[in-house]
Amino acid sequence: MYIIVVGGGRLGYYLTKALLSEGHEVLIVEKNATICQNINDELGSVCIRGDGCETATLAEIGTARADMFIAVTGDDEDNLVACQVAKHKFNVPRTTARVRNPQNETIFKKLGIDVTVSSTNLILESIKEEVPTHPLTHLLTIRDKGLEIVEVKIPPDATTIGKPVKELSLPPGSRLALIIPKERKPRVPTSDTILRDGDRVIAVTTPESEEALRAVLRGT
Amino acid sequence: MKVVIMGCGRVGAQLAGLLDTDGHSVTILDTDAYSFRRLPPTFSGTALIGNGLNEEVLKKAGIEEADAFVAVTQGDNRNVMASQIAKHIFNVPKVVCRIYDPLRQELYNTLGLETFSPTTIFAQMLREKLES
(Lines give C-alpha, C1' and ligand atoms only; values in the text may rest on other atoms or scores of the structure.)
Protein backbone atom coordinates (compact mmCIF):
# COMPACT_ATOMS: atom_id res chain seq x y z
CA MET A 1 0.00 0.00 0.00
CA TYR A 2 1.05 3.57 -0.57
CA ILE A 3 0.52 5.49 2.68
CA ILE A 4 1.04 9.21 3.23
CA VAL A 5 1.75 10.45 6.74
CA VAL A 6 1.44 14.16 7.53
CA GLY A 7 3.51 15.31 10.49
CA GLY A 8 6.98 14.00 11.34
CA GLY A 9 6.78 14.33 15.11
CA ARG A 10 7.30 11.40 17.42
CA LEU A 11 4.01 9.83 16.41
CA GLY A 12 4.62 10.29 12.68
CA TYR A 13 8.14 8.95 13.00
CA TYR A 14 7.28 5.75 14.86
CA LEU A 15 4.20 5.18 12.76
CA THR A 16 6.27 5.41 9.59
CA LYS A 17 8.89 3.10 11.01
CA ALA A 18 6.22 0.51 11.81
CA LEU A 19 4.52 0.82 8.43
CA LEU A 20 7.83 0.56 6.58
CA SER A 21 8.71 -2.62 8.47
CA GLU A 22 5.40 -4.09 7.31
CA GLY A 23 6.56 -3.51 3.77
CA HIS A 24 4.40 -0.52 2.86
CA GLU A 25 5.48 2.40 0.73
CA VAL A 26 5.38 5.37 3.11
CA LEU A 27 6.02 9.08 2.66
CA ILE A 28 6.06 11.67 5.45
CA VAL A 29 5.24 15.34 4.81
CA GLU A 30 6.84 17.61 7.39
CA LYS A 31 7.12 21.42 7.49
CA ASN A 32 10.29 21.66 9.53
CA ALA A 33 13.52 21.22 7.54
CA THR A 34 15.61 19.95 10.46
CA ILE A 35 13.08 17.31 11.47
CA CYS A 36 12.80 16.30 7.82
CA GLN A 37 16.55 15.90 7.53
CA ASN A 38 16.75 13.82 10.73
CA ILE A 39 14.06 11.45 9.53
CA ASN A 40 15.73 11.02 6.16
CA ASP A 41 19.07 10.32 7.86
CA GLU A 42 17.52 7.66 10.05
CA LEU A 43 14.90 5.99 7.87
CA GLY A 44 16.16 6.65 4.33
CA SER A 45 14.53 9.04 1.90
CA VAL A 46 10.98 8.89 3.21
CA CYS A 47 10.36 12.50 4.22
CA ILE A 48 9.53 15.45 2.03
CA ARG A 49 9.53 19.00 3.31
CA GLY A 50 6.21 20.73 2.79
CA ASP A 51 2.77 21.63 4.05
CA GLY A 52 0.48 18.59 4.06
CA CYS A 53 -2.57 20.86 3.73
CA GLU A 54 -1.37 22.38 0.49
CA THR A 55 -2.87 21.02 -2.70
CA ALA A 56 0.34 21.66 -4.63
CA THR A 57 2.46 19.62 -2.22
CA LEU A 58 -0.04 16.77 -2.18
CA ALA A 59 -0.20 16.73 -5.98
CA GLU A 60 3.59 16.56 -6.19
CA ILE A 61 3.81 13.47 -3.99
CA GLY A 62 1.15 11.56 -5.89
CA THR A 63 -1.64 11.69 -3.34
CA ALA A 64 -4.11 10.58 -5.98
CA ARG A 65 -2.62 7.08 -5.95
CA ALA A 66 -2.37 6.86 -2.15
CA ASP A 67 -4.35 4.05 -0.50
CA MET A 68 -4.31 5.69 2.87
CA PHE A 69 -3.73 9.18 4.24
CA ILE A 70 -2.88 9.69 7.91
CA ALA A 71 -2.58 13.15 9.52
CA VAL A 72 -0.81 13.14 12.87
CA THR A 73 0.41 16.70 13.41
CA GLY A 74 -0.09 18.31 16.80
CA ASP A 75 -2.84 20.61 15.58
CA ASP A 76 -6.36 19.31 15.15
CA GLU A 77 -7.31 21.91 12.54
CA ASP A 78 -4.30 21.02 10.39
CA ASN A 79 -5.16 17.32 10.57
CA LEU A 80 -8.75 18.04 9.59
CA VAL A 81 -7.85 20.17 6.59
CA ALA A 82 -5.10 17.82 5.38
CA CYS A 83 -7.54 14.89 5.43
CA GLN A 84 -10.30 16.87 3.75
CA VAL A 85 -7.98 17.99 0.95
CA ALA A 86 -6.78 14.40 0.48
CA LYS A 87 -10.31 13.09 0.44
CA HIS A 88 -12.06 15.66 -1.71
CA LYS A 89 -9.29 16.78 -4.03
CA PHE A 90 -7.47 13.48 -4.47
CA ASN A 91 -10.15 10.90 -3.60
CA VAL A 92 -8.00 8.99 -1.13
CA PRO A 93 -10.19 6.06 -0.01
CA ARG A 94 -9.20 6.10 3.64
CA THR A 95 -8.31 9.16 5.71
CA THR A 96 -7.28 9.02 9.34
CA ALA A 97 -6.85 12.04 11.60
CA ARG A 98 -5.28 12.29 15.00
CA VAL A 99 -7.44 14.32 17.37
CA ARG A 100 -5.93 15.93 20.44
CA ASN A 101 -9.02 17.57 21.84
CA PRO A 102 -11.45 14.68 22.51
CA GLN A 103 -14.38 17.00 21.76
CA ASN A 104 -13.28 17.19 18.16
CA GLU A 105 -13.79 13.49 17.51
CA THR A 106 -17.50 13.84 16.79
CA ILE A 107 -16.96 17.00 14.78
CA PHE A 108 -14.37 15.29 12.57
CA LYS A 109 -16.71 12.36 12.00
CA LYS A 110 -19.50 14.70 10.96
CA LEU A 111 -17.13 16.47 8.58
CA GLY A 112 -16.32 13.27 6.73
CA ILE A 113 -13.03 12.01 8.19
CA ASP A 114 -13.08 8.19 7.98
CA VAL A 115 -11.17 7.36 11.13
CA THR A 116 -10.30 9.52 14.10
CA VAL A 117 -7.85 8.57 16.81
CA SER A 118 -7.98 10.60 19.97
CA SER A 119 -4.53 10.43 21.51
CA THR A 120 -5.76 12.14 24.67
CA ASN A 121 -8.60 9.67 25.16
CA LEU A 122 -6.35 6.67 24.55
CA ILE A 123 -3.84 7.82 27.13
CA LEU A 124 -6.60 8.64 29.62
CA GLU A 125 -8.16 5.20 29.17
CA SER A 126 -4.89 3.36 29.62
CA ILE A 127 -4.01 5.26 32.75
CA LYS A 128 -7.50 4.87 34.21
CA GLU A 129 -7.42 1.12 33.59
CA GLU A 130 -4.15 0.85 35.46
CA VAL A 131 -5.95 1.95 38.63
CA PRO A 132 -6.60 -1.41 40.38
CA THR A 133 -10.18 -0.58 41.37
CA HIS A 134 -11.17 0.38 37.84
CA PRO A 135 -14.43 -1.47 37.22
CA LEU A 136 -14.42 -1.78 33.44
CA THR A 137 -11.66 -2.27 30.91
CA HIS A 138 -12.09 -1.68 27.17
CA LEU A 139 -10.49 -4.52 25.28
CA LEU A 140 -11.55 -3.82 21.73
CA THR A 141 -13.80 -1.50 19.77
CA ILE A 142 -15.54 -2.66 16.61
CA ARG A 143 -16.30 0.75 15.27
CA ASP A 144 -18.27 0.01 12.13
CA LYS A 145 -20.73 -2.14 14.12
CA GLY A 146 -20.83 0.17 17.12
CA LEU A 147 -19.74 -2.65 19.43
CA GLU A 148 -17.13 -2.99 22.08
CA ILE A 149 -15.62 -5.83 24.00
CA VAL A 150 -15.08 -5.08 27.67
CA GLU A 151 -13.89 -6.79 30.80
CA VAL A 152 -15.72 -6.34 34.10
CA LYS A 153 -14.24 -7.62 37.31
CA ILE A 154 -16.62 -8.90 39.99
CA PRO A 155 -15.50 -7.29 43.27
CA PRO A 156 -15.92 -8.97 46.68
CA ASP A 157 -18.83 -6.68 47.59
CA ALA A 158 -20.83 -7.30 44.41
CA THR A 159 -24.44 -8.27 45.16
CA THR A 160 -24.45 -10.53 42.11
CA ILE A 161 -22.04 -13.07 43.66
CA GLY A 162 -23.72 -16.47 43.90
CA LYS A 163 -26.40 -15.60 41.37
CA PRO A 164 -26.80 -17.40 38.05
CA VAL A 165 -26.38 -15.48 34.82
CA LYS A 166 -30.08 -15.88 33.91
CA GLU A 167 -31.08 -13.69 36.83
CA LEU A 168 -29.15 -10.72 35.47
CA SER A 169 -31.17 -8.37 33.30
CA LEU A 170 -28.51 -7.47 30.80
CA PRO A 171 -28.98 -4.17 28.93
CA PRO A 172 -29.94 -4.32 25.23
CA GLY A 173 -27.15 -5.31 22.89
CA SER A 174 -25.04 -6.81 25.66
CA ARG A 175 -23.94 -10.42 25.85
CA LEU A 176 -21.54 -12.26 28.12
CA ALA A 177 -18.87 -14.03 26.08
CA LEU A 178 -16.51 -15.56 28.61
CA ILE A 179 -15.99 -15.83 32.34
CA ILE A 180 -12.46 -16.12 33.70
CA PRO A 181 -12.58 -17.27 37.34
CA LYS A 182 -9.73 -16.51 39.72
CA GLU A 183 -8.45 -20.07 39.91
CA ARG A 184 -10.30 -22.34 37.52
CA LYS A 185 -10.26 -22.41 33.73
CA PRO A 186 -12.11 -19.82 31.64
CA ARG A 187 -15.54 -20.96 30.42
CA VAL A 188 -18.30 -19.75 28.17
CA PRO A 189 -21.20 -18.84 30.48
CA THR A 190 -24.58 -20.57 30.18
CA SER A 191 -27.76 -19.30 31.82
CA ASP A 192 -26.99 -21.39 34.92
CA THR A 193 -23.39 -20.25 35.37
CA ILE A 194 -22.96 -18.72 38.83
CA LEU A 195 -20.95 -15.52 39.28
CA ARG A 196 -18.19 -15.62 41.87
CA ASP A 197 -15.94 -13.16 43.63
CA GLY A 198 -13.00 -12.19 41.47
CA ASP A 199 -14.48 -13.47 38.20
CA ARG A 200 -13.42 -11.52 35.15
CA VAL A 201 -16.34 -11.29 32.77
CA ILE A 202 -15.66 -10.63 29.11
CA ALA A 203 -18.72 -9.13 27.44
CA VAL A 204 -19.81 -7.68 24.13
CA THR A 205 -21.75 -4.44 24.51
CA THR A 206 -22.45 -1.05 22.94
CA PRO A 207 -20.98 2.28 24.11
CA GLU A 208 -24.47 3.32 25.33
CA SER A 209 -25.08 0.17 27.37
CA GLU A 210 -21.60 -0.02 28.85
CA GLU A 211 -22.48 1.76 32.10
CA ALA A 212 -25.67 -0.27 32.57
CA LEU A 213 -23.81 -3.53 31.96
CA ARG A 214 -21.24 -2.67 34.57
CA ALA A 215 -24.01 -1.87 37.05
CA VAL A 216 -25.90 -5.11 36.33
CA LEU A 217 -22.80 -7.29 36.71
CA ARG A 218 -21.71 -5.72 39.96
CA GLY A 219 -25.20 -5.24 41.32
CA THR A 220 -24.70 -1.57 42.14
CA MET B 1 -28.72 40.63 12.75
CA LYS B 2 -26.59 38.74 15.27
CA VAL B 3 -23.01 38.18 14.11
CA VAL B 4 -20.16 36.20 15.65
CA ILE B 5 -16.68 37.13 14.44
CA MET B 6 -13.70 34.89 15.17
CA GLY B 7 -10.35 36.69 15.23
CA CYS B 8 -9.86 40.27 16.38
CA GLY B 9 -7.05 41.24 14.06
CA ARG B 10 -7.19 44.34 11.87
CA VAL B 11 -9.90 42.95 9.63
CA GLY B 12 -11.95 41.41 12.42
CA ALA B 13 -11.83 44.54 14.57
CA GLN B 14 -12.68 46.84 11.71
CA LEU B 15 -15.57 44.64 10.55
CA ALA B 16 -16.86 44.46 14.15
CA GLY B 17 -16.79 48.26 14.33
CA LEU B 18 -18.62 48.69 11.02
CA LEU B 19 -21.36 46.19 11.83
CA ASP B 20 -21.75 47.63 15.30
CA THR B 21 -22.24 51.13 13.83
CA ASP B 22 -24.86 49.70 11.49
CA GLY B 23 -26.80 48.55 14.52
CA HIS B 24 -26.06 44.80 14.42
CA SER B 25 -25.42 42.78 17.53
CA VAL B 26 -21.75 41.72 17.34
CA THR B 27 -19.73 39.24 19.42
CA ILE B 28 -16.02 39.05 18.63
CA LEU B 29 -13.76 36.21 19.74
CA ASP B 30 -10.01 36.12 20.18
CA THR B 31 -7.65 33.94 22.20
CA ASP B 32 -5.61 37.00 23.21
CA ALA B 33 -7.27 39.79 25.21
CA TYR B 34 -4.62 42.20 23.95
CA SER B 35 -6.14 41.98 20.45
CA PHE B 36 -9.27 43.74 21.64
CA ARG B 37 -7.31 47.03 21.78
CA ARG B 38 -8.00 47.22 18.05
CA LEU B 39 -11.74 47.61 18.59
CA PRO B 40 -13.00 51.19 18.21
CA PRO B 41 -13.72 52.94 21.53
CA THR B 42 -17.36 53.27 20.57
CA PHE B 43 -17.79 49.47 20.11
CA SER B 44 -20.91 48.42 21.99
CA GLY B 45 -20.83 44.66 21.19
CA THR B 46 -19.28 41.82 23.19
CA ALA B 47 -15.60 40.93 23.15
CA LEU B 48 -14.98 37.39 24.39
CA ILE B 49 -11.66 35.66 25.12
CA GLY B 50 -11.66 32.10 23.83
CA ASN B 51 -10.87 29.74 21.02
CA GLY B 52 -13.52 29.61 18.31
CA LEU B 53 -12.70 25.94 17.64
CA ASN B 54 -14.21 25.07 20.99
CA GLU B 55 -17.93 24.32 20.94
CA GLU B 56 -18.42 25.64 24.47
CA VAL B 57 -16.81 28.95 23.59
CA LEU B 58 -18.94 29.22 20.46
CA LYS B 59 -22.08 28.57 22.49
CA LYS B 60 -21.05 31.23 24.98
CA ALA B 61 -20.62 33.61 22.06
CA GLY B 62 -24.23 32.89 21.14
CA ILE B 63 -23.59 30.88 17.99
CA GLU B 64 -26.88 29.00 18.44
CA GLU B 65 -28.88 32.18 17.80
CA ALA B 66 -26.40 33.77 15.39
CA ASP B 67 -27.49 34.79 11.89
CA ALA B 68 -23.93 34.96 10.62
CA PHE B 69 -20.43 33.71 11.45
CA VAL B 70 -17.19 35.15 10.10
CA ALA B 71 -13.77 33.48 10.52
CA VAL B 72 -10.84 35.88 10.07
CA THR B 73 -7.99 34.54 12.23
CA GLN B 74 -4.44 34.31 10.88
CA GLY B 75 -4.70 30.55 10.37
CA ASP B 76 -6.39 29.25 7.23
CA ASN B 77 -7.04 25.87 8.78
CA ARG B 78 -8.44 27.36 11.95
CA ASN B 79 -10.83 29.45 9.86
CA VAL B 80 -11.86 26.43 7.81
CA MET B 81 -12.49 24.25 10.85
CA ALA B 82 -14.42 26.92 12.78
CA SER B 83 -16.55 27.74 9.74
CA GLN B 84 -17.42 24.10 9.22
CA ILE B 85 -18.41 23.78 12.87
CA ALA B 86 -20.60 26.88 12.55
CA LYS B 87 -22.18 25.67 9.34
CA HIS B 88 -22.57 21.93 9.94
CA ILE B 89 -22.89 21.62 13.71
CA PHE B 90 -24.69 24.85 14.61
CA ASN B 91 -26.42 25.42 11.27
CA VAL B 92 -25.63 29.14 11.16
CA PRO B 93 -27.43 30.47 8.03
CA LYS B 94 -24.56 32.63 6.76
CA VAL B 95 -20.93 31.58 7.22
CA VAL B 96 -18.02 33.44 5.64
CA CYS B 97 -14.44 32.25 5.85
CA ARG B 98 -11.12 33.84 4.94
CA ILE B 99 -8.52 31.51 3.38
CA TYR B 100 -5.21 33.02 2.27
CA ASP B 101 -4.16 29.99 0.22
CA PRO B 102 -5.97 30.33 -3.15
CA LEU B 103 -5.97 26.58 -3.87
CA ARG B 104 -7.45 25.70 -0.52
CA GLN B 105 -9.97 28.51 -0.94
CA GLU B 106 -11.08 27.09 -4.26
CA LEU B 107 -11.48 23.60 -2.80
CA TYR B 108 -13.58 24.70 0.15
CA ASN B 109 -15.67 26.87 -2.12
CA THR B 110 -16.56 23.81 -4.19
CA LEU B 111 -17.31 21.99 -0.92
CA GLY B 112 -20.01 24.55 -0.21
CA LEU B 113 -18.30 26.92 2.17
CA GLU B 114 -18.49 30.63 1.37
CA THR B 115 -14.82 31.57 1.25
CA PHE B 116 -12.68 34.38 -0.07
CA SER B 117 -8.95 34.66 -0.57
CA PRO B 118 -7.38 38.06 0.12
CA THR B 119 -4.36 36.84 -1.86
CA THR B 120 -6.34 36.41 -5.07
CA ILE B 121 -8.39 39.56 -4.59
CA PHE B 122 -5.39 41.73 -3.82
CA ALA B 123 -3.28 40.37 -6.66
CA GLN B 124 -6.09 41.10 -9.11
CA MET B 125 -6.53 44.60 -7.71
CA LEU B 126 -2.84 45.31 -8.06
CA ARG B 127 -2.86 44.06 -11.63
CA GLU B 128 -5.74 46.36 -12.50
CA LYS B 129 -3.94 49.30 -10.90
CA LEU B 130 -0.78 48.58 -12.84
CA GLU B 131 -2.38 47.89 -16.19
CA SER B 132 -4.79 50.82 -16.20
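Start by selecting A:Glu130, which sits in helix 6 of chain A. (Helices here are DSSP runs of H or I with at least four residues, strands are DSSP runs of E with at least two, and both are numbered from the N terminus.) Before you move on, know that this is a predicted model, where local features need pLDDT of at least 70, side-chain atom pairs count only at pLDDT 80 or more, and totals for chains, interfaces and linings use all residues. Residues are numbered from 1 along each chain as its sequence is written, while chains are lettered from A and ligands numbered from 1 in the order in which they are written.

**Stop 1: around A:Glu130**

Is A:Glu130 buried or exposed? A:Glu130 is exposed, because 9 other C-beta atoms lie within 10 Å.

**Stop 2**

Colour residues 2–123 of chain A as domain 1 and 133–218 as domain 2. These bounds come from an automatic or database domain assignment. Taken over C-alpha atoms, the centres of the two domains of chain A are 38 Å apart.

**Stop 3: the parallel sheet**

Switch to cartoon view and look for the open sheet of 6 parallel strands in chain A, in the order 3-2-1-4-5-6. (Two strands pair if DSSP finds at least two bridges between them.) Strand 3 (47–49) and strand 6 (115–118) of chain A are at the edges; each has a single partner strand, so one side of each has no neighbour in the sheet. On average, neighbouring strands of this sheet are turned by 20° against each other, direction ignored. (Axes are lines fitted to C-alpha atoms, for helices over the stretch in contact, and angles run from 0 to 180 degrees between N-to-C directions.)

Next, pick strand 4 (residues 68–71) and strand 5 of chain A, a parallel pair with 4 bridges. Which residue of strand 5 of chain A stands opposite A:Phe69? That's A:Thr95.

Bring in the helices too. Helix 4 of chain A lies across strand 1 (2–6), strand 4 and strand 5 of chain A, and runs at about 175° to strand 5 of chain A. Helix 6 (residues 119–130) of chain A packs on the sheet as well, touching strand 5 and strand 6 of chain A, and its direction makes about 50° with that of strand 6 of chain A.

**Stop 4**

Select A:Asn91, in the loop between helix 4 and strand 5 (94–99) of chain A. Most residues other than glycine have a negative phi. The phi of A:Asn91, though, is positive, near 50°. A:Asn91 counts as exposed because it has 10 C-beta neighbours inside 10 Å.

Hop over to B:Asn91, in the loop between helix 3 (76–89) and strand 5 (94–98) of chain B. B:Asn91 also has a positive phi, about 50°.

**Stop 5: the antiparallel sheet**

Back in chain A, find the open antiparallel sheet of 4 strands in the order 7-8-10-9. Strand 7 (136–142) and strand 9 (175–180) of chain A stand at its edges, each with a single partner strand. Strand 9 and strand 10 (residues 200–205) of chain A run antiparallel and are joined by 5 bridges. Click A:Ile179, and its bridge partner in strand 10 of chain A is A:Val201.

**Stop 6: where the chains meet**

Show both chains: 15 residues of chain A are in contact with 16 residues of chain B. (In contact means that C-beta atoms, placed from the backbone, lie within 7 Å.) Which helix of chain A gives the largest share of the side that touches chain B? Helix 4 of chain A does, with 7 residues.

Finish on helix 4 (residues 102–110) of chain B, whose buried residues are B:Arg104, B:Gln105, B:Leu107 and B:Tyr108. Look down the axis of helix 4 of chain B: the buried residues fall within an arc of 165°, so they line one face of the helix. (The arc is that of the directions from the helix axis to the C-beta atoms.) Their cover includes helix 3 and helix 4 of chain A, along with helix 3 and strand 6 (114–116) of chain B.

Methods. Two residues are in contact if their C-beta atoms, placed from the backbone, lie within 7 Å. A residue is buried if 20 or more other C-beta atoms lie within 10 Å of its own, exposed if 12 or fewer, and partly exposed in between; C-beta atoms are placed from the backbone.
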